[in-house]
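Here are a few notes from my pass through this model. Have it open in your viewer while you read.

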Amino acid sequence: MRYQRNSAFLRGVVYLLVPALLVWPALGAAQVGGLEAVTVTESEGGTAYSVSLQVLALMTVLTLLPAAMLMMTAFTRIIVVLGILRNAIGTAQTPSNQVLVGLAFFLTLFIMWPVFEQVYGDAVQPYLAEEVSADEAVPAAMQPFRDFMAAQTRQEDLAMFMRIAGNGPVEGIEDVPFAVLVPAFVTSELKTAFQIGFILFLPFLVIDLVVSSTLMSMGMLMLSPMIISLPFKIMLFVLVDGWSLVMGTLAASFIT
């Protein structure tokens, strides 16, 4: 047993050292050649950065893209509701996590499409046409997301985070800092998702109670009520066209 652990450890060390040995000559050559990581050029139009820094910034944005999708879109509410629905039906891993995430992703894309189109028309397209600078394109791209989140955020959640941040009263939602609006929006989304999940849970809970009380009255205490109630819950969900109702309710729950 100890020999197997040692051999597995040695294999892991080798797997780590081989890529390092392959990359090390390239790093040494880069240092000898004097490759500059950042090159800043001053011009009359402003400050221009080197391509390497732009690629680094792009990779950083791509790394933060999943978190941005979770925090600033409809994905949070949808995936939480779908997870609660799966637990209410009683199917442990059906649909699978990949199916739920994919369904939530494309439903989020459907709901957020007007916002994405506005971002592309107001910020991305003018920036690619070199009509606006990056400093002007970023606020223009953030504004549609700000409007979407403001329409879904509860006033009490927004007031709580404003109080925690130590900010005073503001005249309108446009004066709320972006760092305060995002957590308030996520908190409101979680609250709304649990409310929808509670409503979805009630019919399946009634079926579980009826089946459990029936089995107890018949003296069948050794038989699990989950085994008997699962087909009835699936049949109920199929008969009422549950997936269409859930998807339609989620899409209609967003105020745009």
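1. Of the 256 residues in the protein, 27% are buried. Keep in mind that this is a predicted model. The accessible surface comes to about 17,100 Å², and carbon and sulfur atoms account for 71% of that.

2. On the overall layout: the protein has 9 helices and 2 strands. Going along the sequence, the order reads α-β-β-α-α-α-α-α-α-α-α. If you count contacts with a separation of 6 or more, 67% of them join residues 24 or more positions apart.

3. Have a look at helix H6, which runs over residues 155-165. Its buried residues are Asp-157, Leu-158, Phe-161 and Met-162. They line one face of the helix, because they fall within an arc of 135° when you look down the axis of H6.

4. As for the buried residues of H6, their cover includes H7. After H6 comes Gly-166, with a positive phi near 75°.

5. Which residues form the nonpolar patch on the surface? They are Phe-198, Ile-199, Phe-201, Leu-202, Leu-205 and Leu-209, and together they have about 570 Å² of accessible area. Ile-199 sits in helix H7, residues 178-217. Ile-199 counts as exposed because its relative accessibility is 56%, and the cut-off for exposed is over 50%.

Key:
Residues are numbered from 1 along each chain as its sequence is written. This is a predicted model: local features need pLDDT of at least 70, side-chain atom pairs count only at pLDDT 80 or more; totals for chains, interfaces and linings use all residues. Side-chain values use heavy atoms; hydrogens and water are left out. Patches are made of residues with over 30% relative accessible area and no salt bridge: like charges are joined within 9 Å, nonpolar side chains (Val, Leu, Ile, Met, Phe, Trp, Tyr) within 5 Å. Accessible areas come from the Shrake-Rupley method with a 1.4 Å probe; for residues, only the protein chains shown count as cover. A salt bridge is a side-chain nitrogen of Lys or Arg within 4 Å of a carboxyl oxygen of Asp or Glu. Helices (H or I, at least four residues) and strands (E, at least two) are DSSP runs, numbered from the N terminus. Buried means under 20% relative accessible area, exposed over 50%, partly exposed in between (1.4 Å probe, protein chains only). The arc is that of the directions from the helix axis to the C-beta atoms. Contact means heavy atoms within 4.5 Å.
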